[in-house]
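Here are a few friendly notes to read alongside the model. Please have the sequence and the 3D view open together.

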Amino acid sequence: MKLRLSRAPRTLLKLSRAPWTLRRRLVVSVVALFALLSLIVGGFSVIALYGNLLTPIDNQLTRAVAFTERAAGLNPDAGPPTAGGNAPGLSAGSIVADSIGTEIGGEQSPIFGGTATTLSSTELTPLLSMTTSGTITNITIPGVGDFRVIRTRLLTATSQNTGATFKFYRYIATPLADTQSTMLRFGLALGGILLGAVLLVAFATRWIVALALRPLQRVAATATEVSSMPLDRGEVDLSVRVPDADTDQRTEVGQVGLALNTMLGHVGNALQARQASESRVRQFVADASHELRTPLASIRGYAELTRRGNYDLPEDVTHSLGRVESEAVRMTTLVEDLLLLARLDEGRDIETGPLDLSRLLVDCVSDAYAAGPEHEWELDAPDDPVKIEGDGQRIHQVFVNLLANARVHTPPGTTVTVALSQTKSKTAVVTVTDDGPGIPVGVRATLFERFARGDSSRSRASGSTGLGLAIVKAVIDAHGGSVTVASVPGKTEFRIELPVVAVRADGESVVLSQ
């Protein structure tokens with residue numbers, strides 16, 4: 001066994017993101033802007049509060065440095081030293097440390113009473129990172145906490161033995177625990193307030209935007225209603241308009257509503273003009289077809305009478321009379337087809353009644369075999385009769401046209417299969433399939449239009465008028481059914497679906513699907 005593995009080509013999957021509605025855009029924009037402003041205001045509030053909380057601490061440190069300098073006699077202008085303690089006025093937990101070079105030692109005042117805590121040089125090492133005296137900065141002492149620290153130089157001494165100079169510094173640090181706790185509580189409270197405000201603004205904005213967009217929704221509903229109307233055919237009553245309340249030119253939505261009403265008015269007038277023109281054309285076709293029936297019958301009759309009369313006519317005259325008679329027959333068929341289409345366009349009711357499709361198809365296939373014995377004709381129908389509600393003469397004409405179309409446009413020896421079935425949804429399905437060359441792609445789009453032909457030339461060699469399939473579609477549509485075609489080289493299938501009829505015990509027929 002051979003197994004062949006191949007690497008699948010890479011494909012880039014483009015995920016299409018659903019477009020945002022105008023309501024969502026407005027709500028998200030307003031809420032995002034409010035949230036941004038809230039963050040800015042909250043940030044400035046936190047910064048301002050932090051500065052206000054640091055001011056008394058910095059003043060406390062400044063006073064402590066002044067006291068220390070007075071006590072050391074470094075600042076005589078500050079007055080005599082204050083009695084008692086190293087630096088009065090410091091908050092609980094403050095640190096006072098002295099350093100000589102890289103040696104440092106000090107203690108932390110008691111926080112909840114008791115005695116002061118002596119700190120090791122290792123714990124106080126972060127204080128040595130200060131390089132400027134008189135500047136207040138924040139320093140973190142591991143295991144102790146965050147402090148606001150200031151340094152002052154007490155004196156400078158020179159060793160008599162080595163001549164080295166030593167500088168003595170004092171570090172005064174005030175804890176920031178209370179400040180940080182206050183900032184944390186303030187931040188949480190401010191964040192909760194701002195979050196609640198953002199949610200409130202989101203709900204309020206959504207409600208306001210929904211209220212403001214109601215006129216636009218009514219305009220859209222009017223446009224949607226118009227778009228669902230069958231404007232391509234028949235008489236259209238385009239009386240739908242945007243309400244007057246939504247056509248105020250002083251508002252943007254009103255301008256859209258007024259423009260839509262104006263456009264609907266123009267479209268309505270154009271549709272009425274089109275309908276009037278089509279009605280005149282249909283009436284002309286109907287009248288002309290009706291009026292042509294009598295002279296065509298006369299031409300055909302006189303030609304046949306002359307040809308069959310006991311006259312000694314030249315051979316070319318006899319041939320001409322035969323041609324006149326055959327063309328009269330073809331023109332009569334064309335006139336009858338045009339008259340039928342005109343009546344169907346006018347919406348005239350067809351004569352309906354119970355119709356056995358099985359028996360009708362047997363007759364149609366038998367007639368087709370008689371007209372085209374060089375083709376292979378097959379019929380596949382169920383044993384039980386399939387009945388519909390329809391006009392027997394018109395439905396018969398539909399299948400005659402389809403079978404004639406298959407016979408004319410396929411070469412001899414082609415197999416034409418007619419199949420009848422009934423779906424579970426109570427729909428009768430008839431398919432006419434042939435294994436001929438198929439229908440060209442460029443013809444399929446206009447196959448059911450009038451005077452459409454598979455051959456683009458105007459040749460009448462096949463005798464086709466181009467109305468056969470147009471009549472098929474018009475008759476099937478009038479019966480509430482559908483007709484489709486699928487064609488590839490070697491297989492062409494026309495599929496007709498019609499509602500089935502059930503016959504009650506009293507003999508009345510009832511349509512089961514529509």
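Predicted model: local features only at pLDDT ≥ 70, side-chain atom pairs only at ≥ 80, totals over all residues.

1. Residues are numbered from 1 along each chain as its sequence is written, and side-chain values use heavy atoms, leaving out hydrogens and water.

2. Start with the largest nonpolar core, which has 41 residues. Such a core joins buried Ala, Val, Leu, Ile, Met, Phe, Trp, Tyr and Cys residues through side-chain atoms within 4.5 Å; buried means under 20% relative accessible area, exposed over 50%, and partly exposed in between (1.4 Å probe, protein chains only). Leu357, Ile395, Phe399, Leu402, Leu403, Val472 and Ile496 touch the most other members. Elements giving two or more residues to this core include α7 (392-408), α9 (468-478) and β13 (491-499). Helices (H or I, at least four residues) and strands (E, at least two) are DSSP runs, numbered from the N terminus.

3. Within α9, the buried residues include Leu469, Val472 and Ile476. Beyond its neighbours within four places in sequence, Val472 is in contact (heavy atoms within 4.5 Å) with Val398, Asn401, Leu402, Val483 and Ile496. Just after α9, Gly480 has a positive phi of about 75 degrees.

4. Finally, look at Ile47 in helix α1 (residues 22-71). Ile47 counts as exposed because its relative accessibility is 59%.
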